[in-house]
Amino acid sequence: MESIISTFHIDWKIIVAQAVNFGIVFVVLYLFALKPLTKLMAERAEKIGKGVDDAKKNEAMLKATKAEYDEMLAKARVEANKIFQEGKKEGEIKKSEMIEKGKVELASMIENGKKAMQADKVKAVEDARKEIASLAILAAEKIMTDKNKQNK
Amino acid sequence: MAIEQTHTTGEVVEEVSHEITLFAESIFHFGNFNITNALLSSWFAVLVIIMLVIILRKKLKEVPGVLQNIFEIILEGALDLCDQVTNSRKLSMKVFPIAISVFFFVLINNWLGLLPIGGLGIIEKGEHGLAFIPFLRGGTADVNTTIALAVMAVIGANLFGIFSIGIWKIFNKYVNVKALGQIFTKIKKDKTVIIVAPITFFVGLLELVGEFAKIASLSFRLFGNVFAGEVLLASMAALFAYILPVPFLFLEILVGVIQALIFSMLLIVYFTISATDHEEHGEHEEEHGHHKENIAVS
C-alpha cells in the first residue's frame with residue numbers, strides 16, 4: 001500500500017480538492033443547465049403534445065362540421081324544392097282562379113252591357129215614339145190650322 | 001521514457017529532461033498544499049464547464065439555437081442510454097444528473113490532456129538535473145482525480161441505496177445478519193440453511209471487499225487508459241514530431257469519450273444495483289416461478 005501511495009503520489013488533499021472540483025461541476029451543471037433545460041424540454045413536449053391533440057380535435061371538429069354542413073345543405077335543397085313545388089302549385093291554382101274570376105267578371109260585364117244597351121234601346125224607342133207622337137200632333141195641328149185658314 | 005532537449009544559456013549548455021511521470025508534478029506550493037499540473041488542469045476544466053453552462057443558460061430559448069440543440073441531443077441520447085441500464089425513467093431522472101456531470105468532468109479533463117498547451121511549463125532542478133514540468137496534464141492522468149471520482153461514485157451509490165431501499169437492507173448486504181438469523185428461524189423447515197446461511201454471510205463480506213475493488217477498478221481503469229494515451233502521444237512525437245501523432249490524437253479524442261462514457265455508465269450501474277431490493281426481487285421471481293409451475297401443473 002505504501003509503495004502504491006509513493007509511486008502514484010496519492011495525496012488526500014488533492015483527492016479532496018478534486019472532489020470539490022467535481023462538486024462544483026455537479027452543482028453548476030445541475031442548477032444552471034440540467035434543471036432549466038429539462039424543464040424547458042418538458043414544457044415544449046407538453047406544448048407539442050397539446051398542439052397535436054388540438055390538431056386532432058380540430059380535424060374531428062372540421063369533419064363533423066362538414067358532415068353537418070352537407071346534411072343541412074341537402075335538407076335545405078329538399079326544403080327549397082318542396083317550397084318551389086308548393087309555390088308553383090299555388091301559383092297555378094291562383095292563376096286558374098284568376099282566369100275563372102276574370103271569365104265570370106267578363107260574363108257579368110257583357111251581361112250588364114247587354115242590359116244597359118237593351119234599356120237604352122227601349123228608352124230610345126220610347127223617346128222616338130214620344131217624339132214621333134208630338135211631331136204627329138204638331139203636324140195634325142198645323143194641317144188643321146192650314147185647313148181652317150183655307151176655309152175661312 | 002525521456003525526451004531530451006538542449007537548453008542554451010549563454011556559454012553553458014545544460015540538458016533538460018522531460019520525463020513522463022506516473023504522478024502529477026507539483027507546479028507551486030500553497031503552504032503545505034502542492035498544486036499539481038493535473039489539479040491545475042482540473043480547475044481549468046471546471047472553468048470551461050462553467051463557461052459553457054453560462055453561455056448555454058444565457059442562450060436558453062424555447063426555439064433552441066445551435067449550442068442548446070447540441071446539448072439537448074446529448075441530453076436525450078444520454079437519458080435514453082441511462083434508461084436502458086435502469087429500466088425505469090423515474091430512477092434514471094435521479095441518477096442522471098450525477099452521471100452526466102461525471103461524464104462532462106471526465107471528458108473535458110481527458111481532452112485537456114491532449115491540448116498542445118501542455119508544452120508550456122517550468123524548468124526545475126530535479127534529482128537528475130534540469131527537468132521540464134508542463135503546466136497542464138490531463139486531470140484524469142493523475143490517479144488522485146480518478147480515486148476522488150471513484151470514491152464519490154461508490155459512496156454515492158451506497159447512500160443512494162440507503163435512501164432508496166433503507167439502511168437495514170444495505171447493511172445486510174454487507175453484514176448479512178438476517179441470513180445468520182435464518183439459521184434459527186428456518187432450521188426446522190429447511191435443514192440446508194445451516195450451510196447456506198454462513199455462505200450467504202460470507203458472500204456479504206465479499207461484497208464489502210467488492211466495494212473497495214470497485215474503487216480500485218474504476219480509478220485505475222480511467223487513469224491507466226488516459227495515462228497510456230499521453231505516453232503513446234509523447235512516444236509518437238518523440239519518434240517524429242510532425243503528422244505522425246495526428247492519427248493518435250484522433251484516437252485519444254475517441255478514447256477520451258469512451259472512457260468518460262464507461263465511467264459514467266458504470267456509475268449508473270452501481271447506483272441501479274444499489275437501489276434495487278434484491279430480496280424483494282428474488283421473492284418476486286420465486287413467486288413468479290411458483291405461479292408458472294402451478295399453471296404448468298394445472
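Biologist: How many of the 24 residues of H3(B) are buried?
Modeller: This is a predicted model, in which local features need pLDDT of at least 70, side-chain atom pairs count only at pLDDT 80 or more, and totals for chains, interfaces and linings use all residues. Helices (H or I, at least four residues) and strands (E, at least two) are DSSP runs, numbered from the N terminus. A residue is buried if 20 or more other C-beta atoms, placed from the backbone, lie within 10 Å of its own, exposed if 12 or fewer, and partly exposed in between. H3(B) is largely enclosed by the rest of the structure, because the number of its 24 residues that are buried is 18.

Biologist: At which residue does H3(B) bend?
Modeller: Residues are numbered from 1 along each chain as its sequence is written, with chains lettered from A and ligands numbered from 1 in the order in which they are written. In H3(B) the angle is about 45°, a proline, B:Pro97, follows within four residues, and the bend is at B:Val95.

Biologist: How many residues does H3(B) supply to the largest nonpolar core?
Modeller: A nonpolar core is a set of buried Ala, Val, Leu, Ile, Met, Phe, Trp, Tyr and Cys residues joined through C-beta atoms within 7 Å. The largest one has 54 residues, and B:Ala99, B:Val102, B:Phe104, B:Ala153 and B:Leu267 have the most contacts inside it. Helix H2 (12–151) of chain A and, from chain B, H1, H3, H4, H7 (193–239) and H8 (245–275) each supply at least two of its residues. The largest share comes from H3(B), and it is 14 residues.

Biologist: Which residues does B:Leu267 touch, not counting those up to four places away in sequence?
Modeller: Two residues are in contact if their C-beta atoms, placed from the backbone, lie within 7 Å. With residues up to four places away left out, the contacts of B:Leu267 are B:Ile98, B:Ala99, B:Val102 and B:Ala153.

Biologist: Which helix gives the largest share of the side of chain B that touches chain A?
Modeller: The contact takes 27 residues from chain A and 33 residues from chain B. On the side of chain B, two or more residues each come from strand S4 (33–36) and helices H1 (37–58), H2 (66–86), H3 (89–112) and H4 (143–165). The largest share, 9 residues, is from H1(B).

Biologist: How many nonpolar residues are on the side of chain B that touches chain A?
Modeller: Ala, Val, Leu, Ile, Met, Phe, Trp, Tyr, Cys and Pro count as nonpolar, Asp, Glu, Lys and Arg as charged, and the others, Gly among them, as polar. By these classes, that side of chain B has 3 charged and 6 polar residues, while its nonpolar residues number 24.

Biologist: How far does H1(B) reach from its first C-alpha to its last?
Modeller: Buried residues of H1(B) include B:Leu39, B:Val46, B:Ile49 and B:Val53. With 22 residues, H1(B) is expected to span 32 Å at 1.5 Å a residue, and its reach is close to that, at 31 Å.

Biologist: Which residue in the turn of the S3(B) and S4(B) hairpin has a positive phi?
Modeller: Strands pair if DSSP finds at least two bridges between them, and S3 (residues 26–30) of chain B is joined to S4(B) by 4 bridges in an antiparallel arrangement. B:His29 has B:Asn34 as its partner, and B:Ser26 has B:Thr36. There are 2 residues between the strands, and the one with phi of about 70° is B:Gly31.

Biologist: Is B:Asn87 buried or exposed?
Modeller: B:Asn87 lies in the loop between H2 and H3 of chain B, and its phi is positive, about 60°, although it is not a glycine. Because it has 10 C-beta neighbours inside 10 Å, B:Asn87 counts as exposed.

Biologist: How far apart in space are B:Ser219 and B:Asn144, C-alpha to C-alpha?
Modeller: B:Ser219 is in helix H7 of chain B and counts as buried because it has 25 C-beta neighbours inside 10 Å. Beyond four places in sequence, B:Ser219 touches B:Val143, B:Thr146, B:Ile147 and B:Ala150. B:Ser219 and B:Asn144 are 75 residues apart in sequence, and their C-alpha distance is 8.5 Å.

Methods. Bend = angle between axes of the 7 residues up to and from the residue. Expected span 1.5 Å × (residues − 1).
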